[in-house]
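Here is a short briefing to read alongside your model. Please keep the sequence and the 3D view open as you go through the points.

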Amino acid sequence: MKRTVTVEQKRARVVRCIRDLPPGKVSSYGAIARAAGWPGAARQVVRILQQVPGLPWHRVLGSGGAIKLSGEHAAEQRFRLRMEGVTFRGARVDMKQHEFQFTKKVPSTRYPVSSKRKARP
DNA sequence: ACTGTGACACTGG
DNA sequence: ACCAGTGCCACAG
């Protein structure tokens, strides 16, 4: 039979992953998507963060621990993270110390990019 | 059906 | 470090 995983189910898994982030620990959009078994859905993680209230949104960063928000929002995120004891290395979070390790995570799910050639008319 | 958008990820120059 | 190009997925118009 067909598995037809609905978007709703994927969203639910993403939400769970985000809720699993304990204070002082962070993750990234892409890592959350992979941990939720939905590799490549970083942009969907963003949507979910904006739509679902009550999530620890400040613990989700861009790749490499970069804050992808701007202006006041970025300041707010930095503030909240510092309040939880998260340390920074310049403008980015020290992932070495604060990246949360999801036990699950899809095995060797490399980003499906087949560069090797750029736009070639 | 098609196009543009977004708190993204990656690679290459 | 920065920018450009490409890939990704769902959603709004």
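Setting aside neighbours within four places in sequence, Val60 is in contact (heavy atoms within 4.5 Å) with Ile18, Leu21, Ser27, Ser28, Tyr29, Ile32, Leu49 and Gln77. This is a predicted model, in which local features need pLDDT of at least 70 and side-chain atom pairs count only at pLDDT 80 or more, while totals for chains, interfaces and linings use all residues. Residues are numbered from 1 along each chain as its sequence is written, chains are lettered from A and ligands numbered from 1 in the order in which they are written, and side-chain values use heavy atoms, leaving out hydrogens and water.

**Nonpolar cores**

- A nonpolar core here is a set of buried Ala, Val, Leu, Ile, Met, Phe, Trp, Tyr and Cys residues joined through side-chain atoms within 4.5 Å; buried means under 20% relative accessible area, exposed over 50%, and partly exposed in between, with a 1.4 Å probe and protein chains only.
- The largest nonpolar core has 19 residues, and Val60 is among those with the most contacts inside it, along with Val14, Ile18, Ile32, Val45, Leu49 and Leu55.
- Helices α1 (7–20), α2 (29–35) and α3 (42–51) each supply at least two residues of this core; helices are DSSP runs of H or I with at least four residues, numbered from the N terminus.
- Apart from this core lies another, of nine residues, including Val26, Leu61, Leu81 and Val86.

**Gln77**

- Gln77 sits in helix α4 (residues 71–83), and it counts as buried because its relative accessibility is 1%.
- A polar atom of the Gln77 side chain lies 3.0 Å from the backbone oxygen of His58.
- Beyond its neighbours within four places in sequence, Gln77 is in contact with Trp57, His58, Val60, Leu61, Ile67 and Leu69.

**Ala42**

- Ala42 belongs to helix α3 and is partly exposed, with a relative accessible area of 26%.
- Not counting residues up to four places away in sequence, Ala42 touches Tyr29, Gly30 and Ala33.
- From C-alpha to C-alpha, Ala42 and Ala31 are 8.0 Å apart in space, and they are 11 residues apart in sequence.

**Aromatic pair**

- One aromatic pair turns up in a search of the whole structure; rings of Phe, Tyr and Trp (its six-membered ring) pair if their centres lie within 6.5 Å, with planes under 30 degrees apart counted as stacked, over 60 as edge-to-face and the rest as tilted.
- Phe100 and Phe102 form this edge-to-face pair, 5.0 Å centre to centre with 85° between the planes.
- Phe100 is partly exposed at 22% relative accessible area, whereas Phe102 is buried at 11%.

Technical notes:
Polar contact = N/O pair within 3.5 Å; in protein donor to acceptor, adjacent residues only side chain to side chain.
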